[in-house]
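Here is a short report to read alongside the model. Keep the viewer open and follow along.

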Amino acid sequence: MALRLGDIAPDFEQDSTQGRIRFHEYLGQSWGLLFSHPADFTPVCTTELGVTARLKPEFDKRDVKVLALSVDDRRSHDGWLPDIAETQGTAVNFPVLADPDRKVAALYDMIHPNADDKTTVRSVFFIGPDKKVKAIITYPASTGRNFDEILRVIDSLQLTQQHKVATPVNWRKGEDVIIVPALKDEAEIQRRFPGGVKVVKPYLRLVKDPSAKA
Ligand code: BEZ
């Protein structure tokens with residue numbers, strides 16, 4: 001059955017471009033981002049891995065361990081990575097899982113047979129420090145992902161895990177956020193959000209991003 005939000009991200013052991021990976025051990029207490037690519041030596045994937053490598057400091061800042069997957073084997077990955085460095089101007093600085101037996105692809109339901117029965121779609125799994133799946137996005141092979149959006153989702157997940165807030169449409173870190181509807185106690189609201197609340201409607205209450213520096 002497909003993974004759902006709140007499920008424990010399945011553990012696995014598999015080879016990668018940086019050696020054997022035991023997934024839960026690799027994640028440690030950090031957040032995780034596991035994302036799949038249809039195949040090696042493909043153009044869209046080449047650009048995605050280049051951008052992810054360039055954004056590595058942003059993932060590090062958020063304590064997120066990134067892990068890519070393509071169903072090709074390690075030898076193939078090792079042959080492809082220099083092309084990414086050459087064409088994208090940055091070396092791949094995170095592991096790329098080899099999954100020639102489709103073990104991880106099957107565990108995470110990354111192969112969608114009505115799209116293609118041999119290669120994975122572009123899945124992204126956001127995993128919390130508790131190893132639970134916090135968000136999932138899925139794109140077809142022909143649509144490259146927006147990694148600024150991936151960072152934005154991580155910012156929202158990390159904020160909403162710590163504070164009783166939700167993030168509105170197109171929110172970016174530092175912008176106002178919404179008090180969760182379940183929080184009704186006025187004393188608690190004042191204690192949690194001493195900067196004040198803008199009540200647009202009783203169910204739409206805005207506060208400053210509690211993670212933003214004053
Ligand atoms: C790509 O990664 O470039 C790609 C893979 C399969 C279909 C279309 C594009």
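What follows covers the ligand site and then one proline in a loop.

## About the model

This is a predicted model: local features need pLDDT of at least 70, side-chain atom pairs count only at pLDDT 80 or more, and totals for chains, interfaces and linings use all residues. Residues are numbered from 1 along each chain as its sequence is written, and side-chain values use heavy atoms, leaving out hydrogens and water.

## Around the ligand

Now look at the ligand's oxygen atoms. A backbone N or O atom of valine 44 lies 2.5 Å from one oxygen atom of the ligand. For proline 43, a backbone N or O atom is 3.1 Å from a ligand oxygen atom, and for threonine 42 a polar side-chain atom is 3.1 Å from a ligand oxygen atom. Taken alone the ligand exposes 260 Å², and the protein buries 70% of that (areas by the Shrake-Rupley method with a 1.4 Å probe).

## Proline 194

You will find proline 194 in the loop between helix H7 (186-192) and strand S10 (198-201). Proline 194 is exposed, with a relative accessible area of 70% (exposed means over 50%). Between proline 194 and tryptophan 171 there are 21 Å in space, C-alpha to C-alpha, and the two are 23 residues apart in sequence.

Notes. Helices (H or I, at least four residues) and strands (E, at least two) are DSSP runs, numbered from the N terminus. Buried means under 20% relative accessible area, exposed over 50%, partly exposed in between (1.4 Å probe, protein chains only). A polar contact is a pair of N or O atoms within 3.5 Å; within protein, one must be able to donate a hydrogen and the other to accept it, and residues adjacent in sequence count only if both atoms are side-chain atoms.
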